[in-house]
Amino acid sequence: MPGENEGMTANQPEITDVPGTRTRLTFFKVMAFIVGIGLLVLVVEMVLSYGFGMKGDDNPLHWWPQPHGFIYMVYLVATALLGFKVGWTLPKMVGVMLAGCVPFLSFWVERKVAREVEAQLASAAAGSVTS
Amino acid sequence: MLRTALKPKWLGLLVLVLALCYGFFLLGRWQLEVARDSALKEQLAQAKAQAVVTVESVLKPHQAFPNELSARAVSATGHYEPTEQVTVPDRRLDGAAGYWVVTALHTDEGPVLPVLRGFVTDAALAPAPPDGRLMVVGGLAPGESPVSGAALPDGQLRSVDLAVLVNRWDGDLYNAFVFAQSEEAVTGQDAVNLIELPDLHGLQRVPTPTGEVGLNWRNAAYAAQWWVFALFALWMWWRMVRDDHRKSRETEADDATPAHGIRDAGRE
C-alpha cells in the first residue's frame with residue numbers, strides 16, 4: 001500500500017528485517033550503556049589526573065582510558081550496524097557516534113534513538129499486518 | 001558498484017574520509033612516538049636515578065661483566081695513553097657512518113679502562129687524547145664480540161674486542177668499556193677542581209646504548225586505536241556506497257512496476 005507508507009518514508013525509511021533490527025538495537029543499547037558508564041569513569045580518571053595531579057601509577061584509574069578506547073570502538077560499530085539497518089543519514093550516524101564522547105549525553109541519545117527505532121519497528125509490524 | 005562509487009557525492013565523501021584517515025594515521029604515529037619516548041624516558045630516568053660510582057668500586061680487572069652494570073653511570077680518574085688508541089670502523093651516529101675512537105685510560109688505581117671517547121666520520125680525524133690527569137664519566141658496557149672481515153689498516157679494530165685489546169695494551173684490563181659523556185681535567189690532588197675540556201677536537205659523544213628500547217604499551221594501544229578508527233571510516237564509506245548501489249538497483253527494478261516507482265522517487 002504505497003499511500004499508507006508515504007508519510008513514514010519522508011524521513012524514516014521502513015524496516016524490512018524486524019528481528020535483525022531488534023538484535024542490532026539491543027546491541028546498540030547495551031554498548032551505549034557501557035560507553036556511557038565508561039565515559040563517567042573516564043571523567044573521574046581525568047579529574048584525578050589533571051585536577052589532583054595523580055599521574056601514572058598514582059592514579060587508581062590510570063589503566064582505564066585504553067580499554068575505554070576499545071569499548072568506544074565497539075560502540076561505533078554497534079551504531080553503524082544499527083544506523084545502516086534503519087537507514088540513518090550520515091550526519092545522524094556521526095552525531096550518535098559523537099554523542100558517545102559526551103558525558104551523560106550518551107544516555108539521553110540512547111533513549112531517544114531506541115524510542116525512535118521502536119516506533120519504526122512498531123509501524124513496520126503494523127504495516128506487515130495491513131498489507 | 002564502481003559506477004555508484006564514482007558518483008560525485010561518494011567521491012567527495014571518499015576524499016573527506018581519506019583526509020580523515022590521514023589525520024588518524026598521523027595521530028596514531030604521534031602516539032607511537034609518545035609510546036617510544038615515554039619508554040625511553042622511563043629507562044633513562046631509572047639509569048639517572050642511580051648515582052655515578054667509581055668503576056673500581058663495582059668492577060675488578062678481568063672480572064666477568066655483570067649484566068646489571070649495563071649502562072651504569074661510572075667515573076674513572078687517570079690519564080690517557082696516546083699510543084693506546086684504536087678506531088672501530090662501520091659505526092653509525094645520527095645516520096652518519098664513521099668510526100668509534102677508543103683510548104686506554106690508565107686509572108689512578110692501576111687497571112686500564114677502555115674509553116669510547118667519541119665518534120668521527122674519518123679515522124684520520126681521530127684526535128689525540130687530552131694530556132694530564134682527568135676524570136671520565138660515562139655509561140658502562142660489556143666488551144663486544146669479535147667481528148671477522150678483511151684486514152684493516154693499522155690502529156683499526158672491527159669491534160671493541162677486549163680480548164684483542166688486553167694483548168695490545170699494557171696493564172690489567174677491565175672487562176668493560178665506557179661510553180664517555182664527559183671528560184674533565186683534574187687539577188690538584190683531589191677530584192674537586194674539575195674543568196670541563198673545552199674542545200672535543202671534532203669528536204662527537206656517543207650516547208650510552210640503553211639496550212632494547214621498549215614501547216609504552218598504553219600509548220602503543222592508543223596508536224592502534226587511531227588506525228582502527230581510520231579503517232572504520234573507510235568501512236563506513238564502503239557500506240554507504242554499497243547501500244546506495246543496492247537502492248539504485250532496487251529502483252531500477254521497481255521502475256518496471258510504476259506504482260512502486262512513485263514511492264521510491266519520493267524517498268530519494
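In chain A, 67% of the contacts (C-beta atoms, placed from the backbone, within 7 Å) with a separation of 6 or more are between residues 24 or more positions apart. The model is a predicted one, in which local features need pLDDT of at least 70, side-chain atom pairs count only at pLDDT 80 or more, and totals for chains, interfaces and linings use all residues. Residues are numbered from 1 along each chain as its sequence is written, and chains are lettered from A and ligands numbered from 1 in the order in which they are written.

Of its 131 residues, 24% are buried (20 or more other C-beta atoms within 10 Å of the residue's own, with C-beta atoms placed from the backbone).

Helix α3 (residues 65-86) and helix α4 (residues 90-99) of chain A pack with their axes 10 Å apart, at an angle of about 150 degrees; axes are lines fitted to C-alpha atoms over the stretch in contact, and angles run from 0 to 180 degrees between N-to-C directions. The two helices, α3(A) and α4(A), are therefore roughly antiparallel (over 145 degrees). Leu76(A), Thr79(A), Ala80(A) and Gly83(A) of α3(A) make this contact with Met93(A), Val96(A) and Met97(A) of α4(A).

Key:
Buried ≥ 20, exposed ≤ 12 C-beta atoms within 10 Å, placed from the backbone. Contact = placed C-beta atoms within 7 Å. Helix = DSSP H or I, 4+ residues; strand = E, 2+ residues; numbered from the N terminus. Parallel < 35°, antiparallel > 145°, perpendicular 65-115°, else oblique.
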